[in-house]
Structure formats: C-alpha cells, structure tokens
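Please read the report below alongside the sequence and the 3D view.

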Amino acid sequence: MPSAKSAGGFYCPISWVELLCYPALTDEEANQIRVFLRSLMRVDLTETVLDRAAQIC
C-alpha cells in the first residue's frame, strides 16, 4: 500500500463495496477495480474522518 505522501488518491472502504456490488460486473472488471484501489491509500472510517466528512458536506 502506498504512503499518504506518495498516494495518487484516497478511498474509503465503502467505495470498495459500492464499486464491487454492481450486478453486471465481470470477474475481470472486479479484479481491475481491486488492482486500482490497491494503488490508492485507504482512509479508514474513524470517528474523526466521519466528523470531518459531515463538516464538508
């Protein structure tokens, strides 16, 4: 997993689930999504992250 400084982007675990639950997704497409997400930095859903998200929406 990349470090925060070198990450090309960030995602939260909910995004992983949302992307992979598409019913017509093929196994190959799902694997491509996984490879892409693994190249990004995962942001865990801590209370601090949730509070900050609530402030900006």
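Predicted model: local features only at pLDDT ≥ 70, side-chain atom pairs only at ≥ 80, totals over all residues.

Is Cys 21 buried or exposed? Cys 21 is exposed, because its relative accessible area is 54%.

Residues are numbered from 1 along each chain as its sequence is written, and side-chain values use heavy atoms, with hydrogens and water left out.

**Confidence and overall layout**

The pLDDT score is the predictor's confidence in each residue, from 0 to 100. For the protein chain the mean pLDDT is 87, and 88% of the residues reach 70 or more. Among the elements, H2 has the highest mean pLDDT (96) and H3 the lowest (88).

The protein chain has three helices and two strands. Helices (H or I, at least four residues) and strands (E, at least two) are DSSP runs, numbered from the N terminus. Along the sequence their order is β-α-α-β-α.

Of the 57 residues in the protein chain, 14% count as buried. The protein chain exposes about 4,600 Å², and carbon and sulfur atoms supply 59% of that area. Accessible areas come from the Shrake-Rupley method with a 1.4 Å probe, and for residues only the protein chains shown count as cover. A contact means heavy atoms within 4.5 Å. Among contacts between residues at least 6 apart in sequence, 69% join residues at least 24 apart.

**Buried leucines**

Leu 37 belongs to helix H2, which covers residues 27-38. Its relative accessible area is 2%, so Leu 37 is buried. Beyond the neighbours within four places in sequence, Leu 37 is in contact with Tyr 11, Trp 16 and Leu 19. Trp 16 is 21 residues from Leu 37 in sequence, and their C-alpha atoms are 7.5 Å apart in space.

Leu 40 sits in the loop between H2 and strand S2 (41-42). Leu 40 also counts as buried, because its relative accessible area is 10%.

**Cysteines and the salt bridge**

Cys 12 is partly exposed, because its relative accessibility is 21%. A disulfide is a pair of cysteine sulfur atoms within 2.5 Å, and the structure holds zero of them.

Side chains of opposite charge can pair when their charged atoms come close. A salt bridge is a side-chain nitrogen of Lys or Arg within 4 Å of a carboxyl oxygen of Asp or Glu. The structure holds one salt bridge. It joins the side chains of Arg 42 and Asp 44, at 2.9 Å from N to O.

**Partly exposed residues**

| Residue | Relative accessible area |
|---|---|
| Arg 42 | 36% |
| Asp 44 | 41% |
| Leu 50 | 46% |

Leu 50 lies in helix H3, residues 47-56. With Ile 14 and Leu 45, Leu 50 forms a nonpolar patch on the surface, and together they have about 250 Å² of accessible area. Patches are made of residues with over 30% relative accessible area and no salt bridge, where like charges are joined within 9 Å and nonpolar side chains (Val, Leu, Ile, Met, Phe, Trp, Tyr) within 5 Å.

Notes. Buried < 20%, exposed > 50% of the residue type's maximum accessible area, 1.4 Å probe, protein only.
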